Each structure stands twice: as C-alpha cells, then as structure tokens.
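Subject: Structure handover

Hello,

Here is the structure you asked for. Please open it alongside this note; what I found follows below.

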Amino acid sequence: MKIIQVAIPVPLRKVFDYRLPDKLTNADKLSIGSRVSVPFGKKSVVGIVSSLDVDVHYDESKLKSIEAILDDFPALSTHIMMLGAWLSEYYLHPIGETLFTMLPASLRKDNVLTECKADYFQIPESIDRKVAVESLSSAKRQLSLFRELMDGMRRKADIKNVYSTQTVNALKDKQFLEQVEITEPQGGWQNKLDVTEKFDANVEQAIAISAINRSAGYGGFLLDGITGSGKTEVYLQVLEKILNTGQQILILVPEIGLTPQTVSRFKTRFGDIVASMHSGLTDTQRMQVWHQARRGDVGIVIGTRSSIFLPFKDLGMIIVDEEHDDSFKQQDGLRYHARDLAVYRAVKLDIPLVMGSATPSLESLHNANTKKYHHLTLTSRAGDASLPSQHLLNITGQSLLCGIAQGLLDKMQIQLAQGNQVLIFVNRRGFAPSLLCHQCGHVETCNGCESPFTVHSLARNLQCHRCGEHTYLPQKCPQCGNHDLSTQGQGTEQLEQFLTQYFPDYSAVRIDSDSTRSKARLNEILEAINSNKHQILVGTQILSKGHHFPNVTLAIVLDLDALLFSADFRAPEKMGQLITQLSGRAGRANKTGEVWMQTHQPQHPLTQDLVNNGFMDFSRSLLEEREGASLPPFSFQALLRVESRDIDKVMAFLNYAKSMLSQFKNVKIIGPMPCLIEKKQGRMRYQMIINCRVRAYLISAMRQVLVELEAHKLSSRLRWQVDVQPQDF
Ligand code: ADP
Ligand code: ZN
C-alpha cells in the first residue's frame with residue numbers, strides 16, 4: 001500500500017500520513033506539490049502532497065485515504081515547494097499554513113486545476129480547400145476568414161474581434177469551419193517584445209548597467225541612487241538584456257508604488273509583455289497572472305509583496321524597487337519579508353537580483369559593506385532638477401499655532417502667494433510616544449541604554465523597550481522643572497482645519513490612510529494636487545512614497561522628535577528614510593525647494609549628520625550604533641507576542657516561555673513588556689524580544705521552545721504569534 005504525506009493549513013508543525021487508494025483514476029497525476037482533498041477531523045479539506053512513498057512504522061490500516069487528486073499538474077512546482085520548506089524553517093511557521101500562503105486564493109479551495117484551454121476555429125480535415133475557395137467567391141467576408149484559417153487554426157476570441165457572428169455561422173453551416181477546444185500553446189511573449197528607444201546612460205548609470213550585465217548567475221546588487229537619479233532607467237536597460245535571451249523578469253514594488261504610470265513605463269519600452277499584480281485584483285485576475293507567469297505568457301510581472309510566490313516558467317532576474325519599504329514585510333499570518341525571499345529565489349535559480357532605493361535599509365547596506373551585495377551608486381539627478389535644501393528649526397519654548405511656528409506660517413504665506421504648493425508632514429503611525437519637555441527639549445531616557453522611554457498611559461509609567469526598565473511618569477521636567485511635558489503631536493484632521501481657517505484663500509487637502517482608503521480615491525486626490533486644485537497638502541507617511549509633487553516648494557515636518565525619539569530601535573533609520581524621501585518628492589521641476597523640520601533638539605548628532613552629510617553618512621553612523629548595541633543587522637531577533645483578556649494568563653505564558661529560553665546561552669531575552677498598543681478590543685497585549693548574534697542558534701532555540709509552548713495548557717486559550725526579524729514592535 002502506498003502512503004503519502006500531506007501538508008494541511010492548520011497551525012500544527014507537522015504533515016499528515018494518508019493512504020493512496022487504488023481506485024483513483026488520475027493517480028499518475030500525483031506528485032510532490034499536488035493538491036489533494038483529504039478527510040481531516042469531520043471535514044474534507046485541501047492539502048498539498050509533501051512526500052510520496054513514505055515508510056510508516058505503525059498499523060497503517062488505521063490511516064484514512066485521500067479522496068481526490070485535484071491537480072492535472074502540481075500547483076506548487078519543485079522550486080516553490082523548496083522555497084516553502086525554507087520559509088517555514090526561517091520564519092518558524094507551520095508548513096501547511098506556509099504552503100497555503102504561497103498559493104493563489106483560488107487554489108486554496110478545492111477547485112480543479114487544469115491546463116488553460118481555449119476554443120479555436122479550424123477547417124475540418126475532410127474539406128477540399130480549393131473547391132471551398134471557389135464556392136465562396138461571391139461571399140467576400142467568409143472567403144477572407146476561410147483564407148485566414150487556411151494558414152492554421154485561430155483562437156475563437158481573436159476571430160470574434162474581427163468577423164461578425166453571421167460570417168462565422170455561415171461558414172459553420174457550410175461545414176467549412178469547426179470549433180475545437182485545445183490546450184493553449186504556452187509562451188509566446190517573446191514575439192511581442194518590441195524595444196523602443198532608450199536614453200543614453202550617464203556615466204554612473206553605465207557603470208551600474210555593465211556591472212549587472214556582467215553578472216553570470218547569481219549576483220546581489222544594491223542600486224543606491226538618490227530620487228530622480230535614473231534607477232528605473234537602469235532597471236529598464238538591464239532588463240532588456242535578460243528579455244532578449246527569452247527569460248522573464250519579476251519586479252517587486254511597494255503597494256503604493258504600483259501605479260498605472262509605473263506599468264505603462266515598462267509597456268512603452270518593451271511592448272505588451274507586462275502583467276501587474278496587486279491587492280486591487282480579484283481572485284480570478286490573480287489566478288490569471290499566476291498562469292501567465294507559469295506558462296511564460298508574459299515577459300515581465302510587476303507586483304507587490306506576494307508576487308514573490310509566482311511560479312515563473314523561466315525567471316531570469318528579480319528587481320526589488322524601493323527595497324527599504326515596510327510594505328514588503330507581511331504583518332500577519334506568515335510574517336515573511338519579500339526581500340529575503342527574493343534573495344533566496346535568486347540564489348537558488350542562480351540569477352541576478354537588483355535592489356534599488358534612494359534610502360537603502362541598514363540590512364542591505366550591511367550586506368553591501370560585507371561584500372554580500374555589490375554596491376552601485378547614482379549620486380546626481382538625471383534631469384536638471386536640484387534637491388531641496390534641508391533645515392532644522394528649534395522650537396524649544398516657542399509659542400506654536402496648532403503645532404506650527406509663526407516663522408514657518410510666514411514662509412508658507414510667501415510660497416502660496418507665488419502660486420506654489422506647500423506640504424506639511426504629520427507623523428501618526430507606528431511610533432511610540434516619548435516624553436518631551438517643550439521648554440528645554442529634555443527627553444526622558446533609560447539610564448542603562450540611553451534609549452528614550454516610552455509613555456504607557458494605561459500603566460501610567462515610562463518603559464524602556466530596549467531593556468525592559470520602567471519608572472514612574474514624572475509630573476514635571478526633571479531637568480528644568482517645567483510642567484509643559486508633551487507626548488503627542490497634532491493630528492492631521494485638526495491641522496487641516498486650522499490651515500483652512502488660517503489661509504482662507506487656499507485649499508488644504510488631507511492625505512492619510514483615512515482619507516485614501518481606496519486606491520481610486522488616492523489617485524483622485526493626487527490628480528487634484530497635480531492640477532493645482534489644492535495648494536496645502538497635509539499628510540502622513542503616504543506623502544513620502546513614490547509620488548512626485550513638482551509644484552511643492554516648501555515641505556514642513558511638524559514633529560521631527562516624534563520620529564527620532566521612539567522605542568523602536570529602527571525609528572532613527574525610518575526617520576532618515578522618511579525625511580530623505582520627502583525631500584525627493586518636492587521641487588522636482590526646476591523649482592528649488594526647502595524642507596523645514598521642527599525639533600526641540602536641533603543639535604542632535606543624528607539629525608545634524610542627516611542634514612549636513614546626507615543619508616549615506618547618516619546610515620553609516622546608525623550602523624555603528626547598531627553594532628555597538630548588538631542590534632540587527634548585527635544580530636537576529638524573534639518576537640513573541642501574547643494577547644488575552646486575562647493578564648494573568650498572558651504573564652504566565654510569557655514567563656514560561658522565558659524560563660524555557662533561559663536555558664539557551666547566547667540568547668538575550670528582553671521583556672516581557674507591554675506592546676506599544678497595550679490593550680486592543682479588550683485584550684491585554686504583551687511581548688518579549690529574543691535577540692541572538694547567530695541566526696541559526698536563535699532559530700534552533702526557538703524551534704525547541706515552540707514545541708514546549710504548543711504543548712502548554714494555556715497555548716490554545718490565548719492568542720499568540722512569533723515574528724522572526726520583526727519590523728514593527
Ligand atoms: P529614479 O527611478 O531614480 O527616481 P528615473 O529613472 O525615474 O529615476 O529618472 C528620473 C528622470 O530622469 C526620468 O524622467 C527619466 O526619464 C530621466 N532620465 C533617466 N535617465 C536618463 C538619462 N540617462 N538621460 C536623460 N534622462 C534620463
Ligand atoms: Zn533601557
């Protein structure tokens with residue numbers, strides 16, 4: 001009897017044994033990666049075959065049998081199955097759930113997967129073509145269609161575009177035409193490749209292009225180029241070489257970066273060989289892209305995070321644009337980072353990987369410094385636009401109007417009067433509030449690690465998220481005795497209202513995740529901005545991503561300190577990326593711009609470094625700090641997060657985990673401590689960070705502890721998750 005192993009989408013770290021009954025007619029279709037339907041508990045579920053011909057050492061007559069083989073060909077190819085096994089290990093995620101995350105949604109249900117078929121028209125064999133042509137001499141359209149079919153069968157859908165139903169039916173009635181359903185021939189995008197004229201690369205571009213072109217097999221390239229320096233042009237030129245060899249390309253872009261303009265730029269250069277994949281597609285549309293990639297029907301796929309799972313027929317290069325972007329990290333379920341997967345796939349397929357950004361992540365810069373990646377730089381703008389100048393404004397003790405200094409309101413007035421646009425950036429997401437004195441600029445920091453304390457209003461105390469230290473919430477500034485302690489800046493709505501009143505002659509618009517819930521709405525707002533319907537732009541992080549605002553000549557950052565002084569050790573890195581990206585958005589068309597940042601600590605070495613020496617220098621300082629503190633990328637982290645209405649259960653579980661983990665030397669445990677959002681929908685949320693210099697050691701320790709945790713009696717009575725290499729805390 002044949003026994004096979006099946007991965008099932010349940011939160012269990014194992015696969016399940018099933019019998020392969022003799023009665024299945026399509027047993028020859030079964031292979032690793034095939035989907036099958038199997039009984040599981042009282043239900044029937046879809047599973048994925050993970051091994052064939054397994055030896056078992058128990059009474060196999062108790063085993064249940066698989067019910068059906070759903071795939072004509074395995075839904076997950078060998079390469080994708082290998083990726084899945086690696087993912088499951090790397091992110092400590094159950095194998096069944098991992099494999100299902102990689103499947104398009106349509107294949108998570110028990111739909112049958114067959115080769116793509118289509119209706120074609122052809123001339124029946126029995127027809128004497130010469131006689132037929134003569135008999136059609138008076139029916140022009142019919143003759144024309146018949147002659148076309150004489151060259152070979154034609155797709156019904158294509159014919160219907162050109163000929164009327166009447167013409168088709170007339171031929172059919174004469175039995176000169178028959179309809180057949182055939183498996184669509186695969187591939188063919190190569191015939192549609194149509195390269196139009198390109199720019200002459202400048203010197204830096206040419207160096208980058210030839211370095212990438214020279215790569216034989218795998219090579220990791222960090223394309224580090226300021227906004228507008230022509231990174232996209234570099235992609236376009238290196239793609240061309242790969243496309244000419246007949247291989248496909250995957251371009252990963254941040255969710256917000258996937259605009260019709262991006263796609264059309266690639267289509268204009270290479271012709272109609274581009275498909276795009278993003279959250280706006282239906283399951284059916286996603287399935288179509290999946291088939292197109294698999295069959296080699298498209299040359300290029302431009303897509304967001306989950307496109308990294310597409311089963312390309314012959315992938316020749318991966319590009320990760322804006323590689324520093326947070327949206328590449330999945331924040332629930334299988335918490336993968338698409339950039340990590342891109343590296344894995346490129347290595348396994350032995351193809352080049354190009355990661356581009358104006359503000360590379362410290363992880364990638366570290367890889368470049370240690371020669372894992374080749375570091376390519378573009379230092380000047382390709383067009384003639386210049387970058388705006390950056391300034392720090394000390395607002396300590398100044399009276400502010402809705403959070404804005406009078407001097408900046410005056411600057412706004414001047415720019416607006418000249419017909420320019422002004423952008424105001426308000427931070428609102430993901431950063432923990434620190435305690436800051438408006439009179440002297442003092443920030444309360446932890447004695448041990450000099451990291452700013454985080455204000456926890458629920459517990460009414462200050463906590464250090466780096467070491468777990470906590471202290472009481474002071475009523476007055478420990479440095480100057482003033483009571484003017486602030487934790488939170490202004491919200492976007494409040495600011496929009498204020499500015500509308502203050503500048504009644506101009507229109508203000510708000511751009512944040514509330515006002516732009518749908519992509520269409522965001523595009524509407526962006527268009528209105530570009531056609532100058534609004535002059536004042538108030539917004540959050542969204543403003544710093546991908547869009548160009550050529551008429552903006554003044555950008556104001558309301559609260560730089562909130563970006564800098566935060567519990568998250570990545571806060572300064574994100575601050576630097578944000579300010580640099582924001583600067584890149586403003587004043588592109590021959591209008592020089594200014595960026596003004598309000599702060600209580602204008603002498604802070606990091607901001608000084610950023611403003612005076614630029615992002616490269618700034619990131620070098622940050623890397624030194626990280627190394628000194630043994631933080632990523634010089635160490636690896638896992639986060640264990642636990643939630644429940646019952647705080648005692650949460651603490652008991654976390655303390656148990658801590659006692660288990662303490663057995664491992666070289667592993668540093670931080671916490672348990674409250675999450676930044678301590679309470680959500682009535683549940684208390686706590687977490688623990690596990691830090692280790694060696695990834696393999698961390699993963700092995702975690703794997704052993706997870707087995708214990710899953711066996712714990714509280715395990716099923718709490719919500720808990722593990723996040724490997726967490727990006728947000
Ligand atoms: P990035 O992707 O780095 O922001 P782009 O590739 O979009 O930069 O280039 C910015 C602008 O400069 C675009 O309008 C592009 O067409 C133009 N450009 C890029 N490379 C060249 C070049 N070698 N010569 C002339 N213009 C160029
Ligand atoms: Zn501390």
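Two strands count as paired if DSSP finds at least two bridges between them. Helices (H or I, at least four residues) and strands (E, at least two) are DSSP runs, numbered from the N terminus. This is a predicted model: local features need pLDDT of at least 70, side-chain atom pairs count only at pLDDT 80 or more, and totals for chains, interfaces and linings use all residues. Residues are numbered from 1 along each chain as its sequence is written, while chains are lettered from A and ligands numbered from 1 in the order in which they are written.

The parallel sheet

Seven strands make an open sheet with parallel pairing, in the order E11-E12-E10-E13-E14-E9-E15. At its edges are strand E11 (274-277) and strand E15 (374-378), each pairing on one side only. Neighbouring strands are turned by 20 degrees against each other on average, direction ignored. (Axes are lines fitted to C-alpha atoms, for helices over the stretch in contact; angles run from 0 to 180 degrees between N-to-C directions.)

Inside the sheet, E9 (residues 219-225) and E14 (residues 352-357) run parallel and are joined by six bridges. Asp224 has Ser357 in E14 as its bridge partner. Helix H11 (residues 338-349) packs on this sheet and touches E9, E10, E13 and E14. Contact means that C-beta atoms, placed from the backbone, lie within 7 Å. The direction of H11 makes about 160 degrees with that of E13.

Helix H7

H7 (residues 203-214) has 12 residues, and its end C-alpha atoms are 16 Å apart. Gln205, Ala208, Ile209 and Ile212 are buried. Buried means 20 or more other C-beta atoms within 10 Å of a residue's own, exposed means 12 or fewer, and partly exposed is in between. The four cover an arc of only 95 degrees around the axis, so they sit on the same side of H7. The arc is that of the directions from the helix axis to the C-beta atoms. Val203, Ser210 and Arg214 are exposed on the other side. The cover over the buried residues includes E9, helix H8 (231-244), E14 and E15.

Helix H20

H20 (residues 695-711) reaches 24 Å from its first C-alpha to its last, close to the 24 Å expected. Its buried residues include Leu698, Ala701, Met702 and Val705. The buried residues of H20 fall within an arc of 100 degrees, so they line one face of the helix. Ala696, Arg703, Val707 and Ala711 are exposed on the other side. Among the elements covering the buried residues are helix H19 (647-661) and strand E30 (667-680).

Cores

A nonpolar core is a set of buried Ala, Val, Leu, Ile, Met, Phe, Trp, Tyr and Cys residues joined through C-beta atoms within 7 Å. The largest has 168 residues, and Ile424 is one of those with the most contacts inside it. Ile424 touches Leu495, Leu537, Val538, Ile556 and Leu558, not counting residues up to four places away in sequence.

Ser361

Where is Ser361? Ser361 lies in the loop between E14 and helix H12 (362-369). Ser361 counts as buried because 25 C-beta neighbours lie inside 10 Å. Ser361 touches Glu323 and His324, not counting residues up to four places away in sequence.

Best wishes

Terms used:
Two residues are in contact if their C-beta atoms, placed from the backbone, lie within 7 Å. The expected span of a helix is 1.5 Å times one less than its number of residues.
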